[in-house]
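Here's a quick briefing to read with the model open beside you. Have a look at the fold first, then work through the points below.

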Amino acid sequence: MERLEVEIGSSAPIIIETGEYARFSDGAVIVKQGDTAVLVTAVMGENLVEGIDFVPLSVDYREQSSAWGKIPGGFIKREGKPTDREVLVSRLIDRSIRPLFPEGFFYDVVVTALTLSADEKFDPDVLSIIGASTALHISKIPFEGPLAGIRIARIDGEFLINPTYEERQKADLDLVVACSKDAIVMVEGGGKEVEEKVVIDALYLALTKCQALISAQENLRNQIGIPKKEIEILNLPEELINRLNEFCYNKIIKALEIPDKKLRKEELNKILEEFIASLENQEINKVALSYFYKKLVSQILRKKLFEEGKRIDGRTPDEIRPIEIKIHPFERPHGSAIFTRGQTQVFATVTLGSPEEAQMVESIYEGETFKRFMLHYNFPPFSTGEARPWGPPRRREIGHGALAERALEPLIPPEDTFPYIIRIVANVLESNGSTSMATVCAGSLALFDAGVPVSKHVAGIAMGLVMEEDKYIILTDILGEEDQLGDMDFKVAGTKEGITSIQMDIKIKGLKKEIMEEALLKAKKARLFILEKMYSAIPEPRKELSPYAPKIEIITVPEDKAFLIIGPGGKTVKEIREKTNTIIWVLEGGKVSITGKTKEDIEAAKREIEAIIAEIEIGKIYEGKITRIEPYGLFVEVFPGKIGLLHISKMENPPKDLKSAYSIGEKIRVKVLEFDELGRPRFTTKFDSEEGLTDERGGPIL
């Protein structure tokens, strides 16, 4: 077994081991930090995959409860489909390594990361990125790495590398950064309205800190690495490529001037079909032809940008597409908005719910927790004009939803200020670039419309980059084609004060710090422009909630009496719910949430709860209900569950037969004499008839 240990400035070194486990894989390593350990394997198919023009890479990250000493929750005690967390980490790994496969590489590659052990300190996600790179780098698989992944967070103004979970809770910036030897490759994370300069400093500190991990991987390959496999690269005869260029070049230039995405796509497809027809049934590899046709379109697009300064839809590089905003377009959602930017359109709704509707999440370091803010992003096929069924959420939808959720979450008011569970649903109605950032805008507008007391709007923008040698152009508000054919996809969301969410994928090596700074500053300028439009549409959250939203009030009771509200087996709280038509949720710290359709229902529930926790006082007079009749006296309930004895000897004028004189359920006024040895009250009816009654709060009833 080979073993390397790397210090990167955190509280525990990173250890990379290989040669002992999963030896049938092309590459397999274990990466450890503290008591967290991840096994990462890489396996490549033997044959070129036909019929595709993209890298057929699959990444699966898996967490099993056994890794942190737990048995899975739920009825079926085994892991099922990947959780959102597993999908998001899989995407982190994929986005880090995908750009480093050779151009024209179309062999199946499967990378699997399995968490073997997890402590309460170190997250397996960045260790999995390191493991994926190392497994690929030492194997026969062609890979233009290595790279390294680290987490960088700012806590009390200081940057920490791979901080613990506890430290991350105090951070105002938390980023995962993947770096090659020369460049930042991938960024994912969020902040609490952090300035652009802070983000830049964090990214380039991460690039510096990654170098030790990259050197370690190089050393490991020098020791045990095997030769890279000779592979077949997708290609065409040079003569055919020349004919493609001659036939299509001028036609593509004209097609790229069509502003409408659908019409432009149809025309570009038509040009390729015409070229294929011109070959007069000559036998060709259509997939390879499509691949080189796309490369030609990219070359023309880039040339047009550098020579004319014009983009596909005629905009200048810094120009933002026209924005249209509709607030509360439909009546029944508690809050809603439609945000349209060019040919990208998102409809977002906000639904407010009671605390029991929070989403339970099982995590490594917190166990079972409840999530009170959720954003779910949907990308139906009709948004791109595709004729296929709308299936369950894919990895891309889960990733985009997490990005938008992270952008809005820092502005969500705390539970003690706004006790609702908040769910945003964002449906993409039209897609032509940056739907995740349009989701941020639509979600923020819908929160304002719903009356959620968020202090500020949040907007998002997607930036792009086209680079040729020493020349570059930064693009603001990129289209779908500019994302696919460009060199960078850089999404930034935030308020007027700073950044709340960031995601970046870079497809080139050696991106200079100056370019990154310029991109962030242009993103800020664009964000401020969009925010002005949003504030014009709805300048502040509505003062009142929708009439269709539930009413919620949180009261505080003595913590040692909260169990009385629940009752044996939940009987008491169930009775209150049925009696008052409310939902009652007993929270930690003596807090009780009451949800109802009307204020009157909530007030009724409060009276019931206050009666349960009320203290009976000696000398006070109460109106009670007879619950049981015995020859020696009456059992009287003065508050729910508070029952005492009115002995016949303590009655003012005791009848000869109690059962004839009284009935179950009859109301009777009693005075508290004392408590017996078990704490139960003893009553009397021997008191002045003019003495006043006491309510459940201990005050007189007038």
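**Domains and a barrel**

The centres of domain 1 and domain 4, taken over C-alpha atoms, lie 47 Å apart. This is a predicted model, where local features need pLDDT of at least 70, side-chain atom pairs count only at pLDDT 80 or more, and totals for chains, interfaces and linings use all residues. Residues are numbered from 1 along each chain as its sequence is written, and side-chain values use heavy atoms, with hydrogens and water left out.

**Layout**
- The protein splits into domain 1 (2-224), domain 2 (238-308), domain 3 (323-537), domain 4 (551-613) and domain 5 (620-684); these bounds come from an automatic or database domain assignment.

**The barrel**
- Five strands make a closed barrel in the order β25-β26-β27-β29-β28, with mixed pairing.
- Strands here are DSSP runs of E, at least two residues, numbered from the N terminus, and two of them pair if DSSP finds at least two bridges between them.

**Strand β26 and its partners**
- Strand β26 (residues 633-639) has 7 of its 7 residues buried, so it is largely enclosed by the rest of the structure; buried means under 20% relative accessible area (1.4 Å probe, protein chains only).
- On one side, β25 (residues 621-630) pairs with β26 in the antiparallel sense over 5 bridges, and a hairpin links them through 2 residues.
- Arg628 sits opposite Phe635 of β26.
- β26 also runs antiparallel to β27 (residues 642-647), joined by 6 bridges.
- Leu634 faces Leu646 of β27, while Gly633 has His647 as its bridge partner.
- The β26-β27 hairpin has 2 residues between the strands, and Gly641 in the turn has a positive phi of about 80 degrees.

Conventions:
Buried means under 20% relative accessible area, exposed over 50%, partly exposed in between (1.4 Å probe, protein chains only). Helices (H or I, at least four residues) and strands (E, at least two) are DSSP runs, numbered from the N terminus.
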